Amino acid sequence: MKTFTYVIKDEIGIHARPAGLIASNAKKYECDVNIIFKDKEVKATKIMAVMKLGVKCNDSITLTFNGKDEEASYQAISKIIEETL
């Protein structure tokens, strides 16, 4: 299992556009991708669940990647997050 922790820099936090990018890219891989924020953990493939986390600017999130193609998923999704959030 791989993990990626990131502090959100976007003033709005995780809103519809980045949540959609994360979800659509997570669906491309066979591994499980989850986002952990505070005491909640959701599947990254579920756009509404990601948005409902209520992640704001300066909040820290952790993503977990577990499964067959976790390395490829980790590389792609961590890049998206760093570039958009």
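Leaving aside neighbours within four places in sequence, T64 is in contact (heavy atoms within 4.5 Å) with M1, K2, T3, D32, V33, N34, I36 and E41. This is a predicted model, in which local features need pLDDT of at least 70, side-chain atom pairs count only at pLDDT 80 or more, and totals for chains, interfaces and linings use all residues. Residues are numbered from 1 along each chain as its sequence is written, and side-chain values use heavy atoms, without hydrogens or water.

T64 sits in strand β4, residues 60–66. Its relative accessibility is 9%, so T64 counts as buried (under 20% relative accessible area, 1.4 Å probe, protein chains only).

**The core**

The largest nonpolar core has 23 residues. Such a core is a set of buried Ala, Val, Leu, Ile, Met, Phe, Trp, Tyr and Cys residues joined through side-chain atoms within 4.5 Å. I14, V33, I35, I61, L63, I77 and I81 have the most contacts inside it. β4 gives two or more residues to this core, as do the elements below.

| Element | Residues |
|---|---|
| β1 | 2–7 |
| α1 | 16–26 |
| β2 | 32–37 |
| α3 | 70–84 |

Beyond four places in sequence, I81 touches F4, Y6, I22 and L63.

**The helix pair**

α1 and α3 pack at about 170°, axes 10 Å apart. They are therefore roughly antiparallel (angles over 145 degrees). From α1, R17, P18, L21, I22, N25 and A26 meet I77, I80, I81 and T84 of α3. By class, this contact has seven nonpolar, two polar and one charged residues.

Technical notes
Helix = DSSP H or I, 4+ residues; strand = E, 2+ residues; numbered from the N terminus. Buried < 20%, exposed > 50% of the residue type's maximum accessible area, 1.4 Å probe, protein only. Axes fitted to C-alpha atoms, helices over the stretch in contact; angles between N-to-C directions. Parallel < 35°, antiparallel > 145°, perpendicular 65-115°, else oblique. Nonpolar A, V, L, I, M, F, W, Y, C, P; charged D, E, K, R; others polar.
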